[in-house]
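I opened this notebook to record what I looked up on strand pairing, helix packing and pockets. The entries follow in that order.

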Amino acid sequence: MRRLLSPLILLAAAAPAVAADYLPMWVPKGTESRWEAVKGPYPLALDRRHLDGDTVSAVVVERRLEQESERTRYRFEWTCNAPDGGCSGDRPRIPDLGRTRYEEEPTGRTRWQSVASSESFDAPASLQALDAAGATIASVATVVPVRGGTVSVALLPLLERLPEGTPQPATVRLVLTLPRADGPAGIKPSPEQFAALAARTPRWMAPAARLAVYREELKARLLAEDHAGALPLFEKIAAVGEPLPAVFTYRWGLSLMKAGRTADGRARLQAYLKQAGAQGPDAEAARRWLKASAPAR
């Protein structure tokens, strides 16, 4: 490591004539290692990935490149110059005596450090269904909100959006595109964690269990008068393939009408009348809706 100029040269410039036994010079008092981050902006990555129930979470971190340097502290003081170490004589006061200074030199070593980010942004993402070999068998695109450097995503709604007929995967991977990232950042539950989650996912349940879940969700939507939100549940229940009562068709048609999809609603109500007959329990109400929505001539 480079050191300060020879103390003898400094002496010649700064010190008066003194006892020959003593010399004033810069004396090293210790060296410490210091790491300093290279100026950003820094690439982002995910850390502390976690699955709790059906929600995956992670912390966004900045990947900071740090460089090491060695910092040596020097003190300007009298030193004994006698060959046998037995110094004597006066040591008069001179300028700068007792002053401290530092010298810093890079070592050439670097390291990466992860520091929690506080950024907020919306990250394009996709949920990938993976087979046992890790190959993608289906995927669905989404946007993940990152707030204050934290990611939190409920997986069940995304699993329900996978293409119809997607077999139960071995696991899934949520892949996010982060700003300034070196590549895609992923969160992947273990196969054991995902198996427990899949058991609570209606699309991979036995038909009877799946219908029970969808019916409860549909009931809640209808009680809240959320007919637009109920329509996907009508479709999911019909897709199970189990026989359904005529009243299901009537309520589907009614929700279509109330959601503003008149043509589709009329078709369902007409299908109900064929299914239940002219004397069905909701036949009169269905006819009133059909009459009120009939196209003007």
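I took two strands as paired if DSSP finds at least two bridges between them. Helices (H or I, at least four residues) and strands (E, at least two) are DSSP runs, numbered from the N terminus.

I noted that this is a predicted model, in which local features need pLDDT of at least 70, side-chain atom pairs count only at pLDDT 80 or more, and totals for chains, interfaces and linings use all residues. Residues are numbered from 1 along each chain as its sequence is written, and side-chain values use heavy atoms, with hydrogens and water left out.

**Strands.** I looked up E6 (residues 136-147) and found it antiparallel to E5 (residues 121-130), over ten bridges. Ser 126 has Ala 141 in E6 as its bridge partner. Five residues lie between E5 and E6 in their hairpin, and Gly 134 in the turn has a positive phi of about 90 degrees.

I then followed E6 to E7 (residues 150-154), where the antiparallel pairing runs over two bridges. Val 146 has Val 151 in E7 as its bridge partner. This hairpin has two residues between the strands, and Gly 148 takes a positive phi near 60 degrees.

**Helices.** I examined H5 (residues 227-239) against H6 (residues 246-258): they pack at an angle of about 145 degrees, with axes 9 Å apart. Axes are lines fitted to C-alpha atoms, for helices over the stretch in contact, and angles run from 0 to 180 degrees between N-to-C directions. Contact means heavy atoms within 4.5 Å. Among the H5 residues that meet H6 are Leu 231 and Phe 234, and the H6 side includes Trp 252 and Leu 256. The contact of H5 with H6 has seven nonpolar, two polar and three charged residues. I counted Ala, Val, Leu, Ile, Met, Phe, Trp, Tyr, Cys and Pro as nonpolar, Asp, Glu, Lys and Arg as charged, and the others, Gly among them, as polar.

For H7 (residues 262-276) and H8 (residues 283-292), I recorded axes that come within 10 Å and cross at roughly 150 degrees. The contact includes Leu 269 and Leu 273 of H7, with Trp 289 and Leu 290 of H8. By class, I noted seven nonpolar, one polar and two charged residues in the contact of H7 with H8.

**Open item.** Which element gives the most to the lining of the largest pocket? I found that H5 does, with four residues.
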